[in-house]
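Thanks for coming. I will go through one structure, a few places at a time. Please have a look at the sequence and the model first.

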Amino acid sequence: MEKTFAELGLKAEILERLNEIGYEKPTPVQGQAIPYILDSDKDLIALAHTGTGKTAAFGLPILNKVDVNVKTPQALILSPTRELCLQIAKDLESYSAKMRGLRVTSVYGGANISTQIRELRNGTHIVVATPGRILDLLNRGKVDFTQIKILVLDEADEMLNMGFKDDLDSILASIPEGKRTCLFSATMPEEIRRIGKNYMVDPETIRASNINKPTGNIKHQYYLVRASDRYAALKRTIDSNPGLYGIVFCRTKRGTQEVADWLVKDKYRAEALHGDLSQAQRDYVMHKFRQGALSLLVATDVAARGIDVNSLTHVFHFDLPDEGETYRHRSGRTGRAGKEGISISLITPSEHRKLKKIERSLGARMERMEVPTGEEVCQNQLLALVDRVQNAEVDTNLIQEFWPILKERLETMDFEDVIQRFFSLEFQSYLREYKDAPDIRTAKSYGEGRESSYGDSRSRITQSRDQQTLEINIGRRDKITVPKLLEIINKTVGRGHIPIGAIDLLRNQSRFQVPNKYADLILRSFKGAEHHGRSISVTIAENNGRSTQQRRYRDNRRKTERYRK
Ligand code: AMP
């Protein structure tokens, strides 16, 4: 029989608050960790990932034990990122809203250290910190650890992944005897075992019972597409799901920025979140995302740590991660607080094995889906518009005022005509884009396999709105191979890695696709270029490399546009 929060032994002020915020019963990790931390003095290793309720699992017993009259830190919680620190501090402040005088202070890099020193000097009970900053404060003698009773290492595996190993060693070694250590980690790599062995005394290990299972309310799906179609597939899914609120995960900072730029160019409310942004920029982006001013965040795994937004509908894996654990972390950003979420991976044929590995680690199959067709996008948008009309609140005063004019103007038109025109106006951008749009065929139906990393498809060129097809006057006859061609392009342009899409090596020439924004740069860079003493030139490919079907699509779109003018 599962225990209630009251039966776990928490104080009345905390129970009242939990009731207010709607925590009805403890999650599995809370059910185990709370009584353990409250009732024993021993160390603890808890295997629990984000979304299991781990913050409250350590936060509630800490709050329960704090002596508010002692104004020196009694608990230190270490976490890998500033975002996570702020989130933990916010949660603790919320849980302790009814505990008078309780103070939580968060300290992290990238913010003014003097302000943090002042806050510490003013007295605090719980410090939430990133390892680097707390070590700095410790070395300057600005933080008093003599009263620390409990040290929590939150997302310990992630702190190690982020290179905090030496910092953790120093911190663990400098906290006085008499404290206990509780380590929370999603995974149990060798390094965590080492910390357990070296710095913890006979720790008890607990596991959140659902650690090897996907959260029940997340649907795991994937599309099998060519690398060069990944963006188009993402875009269609977004367009097919009006009201979508989600995170798109990419592997690199550069990939993250690129996808965000494409989305912004296509008029989505999207922004990038990665480590190249300043702290102020990241805060601003996160603020907008939380407020709902952005519907899409494109993020690296590291930058997205600690993001706790409850109503996300979708998580996209634009690049599939290597580890099942990372996949689980990402997916756990959706399907929170009892809501349903969808986690969609955009997979190329060469990533199939990685997909299987992730499925094994997840203990569940991911469902293969087809990219929505143009017709499905249009239908979903239309139905969403019908819903909006049906649910719209009518401001009768305003309408009454203008009704005579409206009526006079519209009187001569019949009802059906008005409705059709109204919907066409609202709907025209989708109609233009998707009417007659060819399906994004899944990679398997191309009957080809060899694709490599991001944007590096080795398959035949097909239509893409976001890519330009260029032609270079060297081909197989010149012993050009795909790696050779990539090398020539990257060297000639001299701006590092250019994300080349599909490539066709022909006998006398080759064609390749690049995101539109790179086309001009490449055309300019190749002016007067030479390869082994031979002049090489790049031009825009005839028909932009389009097949007959795609040309028909483009012509149809033009026709539709002319018709609407
Ligand atoms: P965490 O694993 O700490 O990131 O928590 C994941 C989410 O679950 C957060 O939004 C918490 O507010 C929420 N949560 C934690 N414990 C409970 C509980 N016992 N009942 C309902 N929601 C909870």
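Is Ile-488 buried or exposed? Keep in mind that this is a predicted model. The relative accessible area of Ile-488 is 8%, and the cut-off for buried is under 20%, so Ile-488 counts as buried.

Now to its surroundings. Ile-488 belongs to helix α19, which covers residues 482-493. Leaving aside neighbours within four places in sequence, the residues in contact with Ile-488 are Ile-474, Ile-480, Phe-526, His-531 and Ile-536. Take His-531 from that list: 43 residues separate Ile-488 and His-531 in sequence, while their C-alpha atoms are 8.1 Å apart in space.

Next, a charged residue. Where does Glu-471 lie? Glu-471 is in strand β15, residues 467-472. With a relative accessible area of 18%, Glu-471 is buried, since the cut-off is under 20%. Its side chain makes a polar contact of 2.8 Å with the side chain of Arg-511. Not counting residues up to four places away in sequence, Glu-471 touches Arg-511 along with Gln-509, Ser-510, Ser-537, Val-538, Thr-539 and Ala-541.

On to a whole helix. How many residues of helix α11 are buried? The count is 11 of the 11, over residues 230-240, so the helix is largely enclosed by the rest of the structure. Among the buried residues of α11 are some with charged side chains, including Arg-230, Lys-235, Arg-236 and Asp-239. Leu-234 and Ile-238 are also on the buried list for α11.

A word on cysteines. Cys-85 is buried, with a relative accessible area of 0%. Cys-250 is buried as well, at 0%. How many disulfides does a search of the whole structure find? The search finds 0.

Last, the ligand. As for atoms, a polar side-chain atom of Gln-30 is 2.8 Å from a nitrogen atom of the ligand. Backbone atoms take part too: a backbone N or O atom of Thr-52 lies 3.1 Å from a ligand oxygen atom, and for Lys-54 a backbone N or O atom lies 3.2 Å from an oxygen atom of the ligand. On its own the ligand has 490 Å² of accessible area, and the protein covers 82% of that.

That is the end of the tour.

Methods:
Residues are numbered from 1 along each chain as its sequence is written. This is a predicted model: local features need pLDDT of at least 70, side-chain atom pairs count only at pLDDT 80 or more; totals for chains, interfaces and linings use all residues. Side-chain values use heavy atoms; hydrogens and water are left out. A polar contact is a pair of N or O atoms within 3.5 Å; within protein, one must be able to donate a hydrogen and the other to accept it, and residues adjacent in sequence count only if both atoms are side-chain atoms. Accessible areas come from the Shrake-Rupley method with a 1.4 Å probe; for residues, only the protein chains shown count as cover. Helices (H or I, at least four residues) and strands (E, at least two) are DSSP runs, numbered from the N terminus. Buried means under 20% relative accessible area, exposed over 50%, partly exposed in between (1.4 Å probe, protein chains only). Contact means heavy atoms within 4.5 Å. A disulfide is a pair of cysteine sulfur atoms within 2.5 Å.
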